Amino acid sequence: MKRLAAAVAVLAVTTLAAACGSSPSAPAAENRQVRLGYFPNITHATALYGIEKNLYAKSLGVPVKTSTFNAGPAAIEAVFSGAVDATYIGPNPAINAWEKSKGKAINIVAGAASGGVFLVVKPEINSVEDLKGKKIATPQLGNTQDVALRHWLLEKGIKTDTKGGGEVSIVPQENSQTLQTFATGDIDGAWVPEPFASRLVIESKGKILQDERELWPGKQFVITHLIVRQEWAKANPDLLKKLVEAHVQSTQEINADPDAAAKVVNASVQKLTGKPLKPEVLASAFKNITFTNDPIASSLTGSADHAVKVGLLKPVDLNGIYDLKILNEVLAAKGQQSIKDK
């Protein structure tokens, strides 16, 4: 998957360079395109479904160049470099991008998914105390799941560090690698998003020690939302609206018929990874996620606080990180309720 993501990202950048030179600013009208990033995870089903059903291309009316990523920090690097215009991403990388750019790089323009994250461990592990001396994987240092695990352990009084030391050794690695290392016993568990959590349970006989939903008010927290590069959004307000319209349409179709949508998403996963999810994995993953246009702003603040507490973020003012004006215009046109950014 790593080679595939790198190849797609290189292709997107190469295509951009050929079309408009090295500048990341908006190209001439006749050469416009939208470069969209996302992950081959079920938590990014809005993107997977929308791309597979051609919703983005139909709505935008310009070429859509896609890039896939394994975890948020890599996607943010692509945003900063101008290689993508918009991307589906988790909360903590978006917070980091906001903080590093002093609020000048990105905006969150819509929610996408809530839930779908679990700590899966070996069957013999029955409590937090049993984790001491064990190795637990996360997708990448500083990504959303990495922060969530570190904060959860801190709340339980268990020490960790960013070097893999402490009472529990946290091992950042790609999700595809985690499937292998869990099966071989090289790690004892993983805090991962769907479909990897369900795969660890179904394919490798892991068990769920913690459902992250249980840690949040109302069992809701943002796991995926849609962000845009501010420079691109300001230069292309018409494309921004069409992008959000496609996003809302994808969410609506997924919720209207989840079973049919799951099959479409699985076809996309197969194209990206070379292998479809098993039916039981697909069904498990889909039922664990809520697909929503609401970015659940309160949980973003919570995620920022967690990152500060574990030493991966300095205190940050998130005022202005949301720009939901276009989303609410699109929702109003469909007769749906507006969404608040607080």
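Partly exposed describes a residue between buried (under 20% relative accessible area) and exposed (over 50%), computed with a 1.4 Å probe and protein chains only. The views below show a predicted model, in which local features need pLDDT of at least 70, side-chain atom pairs count only at pLDDT 80 or more, and totals for chains, interfaces and linings use all residues. Residues are numbered from 1 along each chain as its sequence is written, and side-chain values use heavy atoms, with hydrogens and water left out.

**View 1. Salt bridge between K132 and E167.** A salt bridge is a side-chain nitrogen of Lys or Arg within 4 Å of a carboxyl oxygen of Asp or Glu. Here the closest N and O atoms are 3.7 Å apart. The pair links distant parts of the chain, 35 residues apart: K132 is in the loop between β5 (117–121) and β6 (135–138), and E167 is in the loop between α6 (144–155) and β7 (169–172). Helices (H or I, at least four residues) and strands (E, at least two) are DSSP runs, numbered from the N terminus. E167 is partly exposed, with a relative accessible area of 28%; K132 is also partly exposed, at 35%.

**View 2. Salt bridge between R150 and D146.** The closest N and O atoms of this pair are 2.8 Å apart. Both residues lie in helix α6, four residues apart, about one turn of the helix. R150 and D146 are both buried.

**View 3. Salt bridge between E203 and R199.** The N to O distance is 3.1 Å. Helix α8 (residues 196–204) holds both residues, four residues apart, about one turn of the helix. E203 is partly exposed, at 31% relative accessibility.

**View 4. Network of salt bridges.** R35, D85, R229 and E231 are linked in this network. The structure holds 11 salt bridges.
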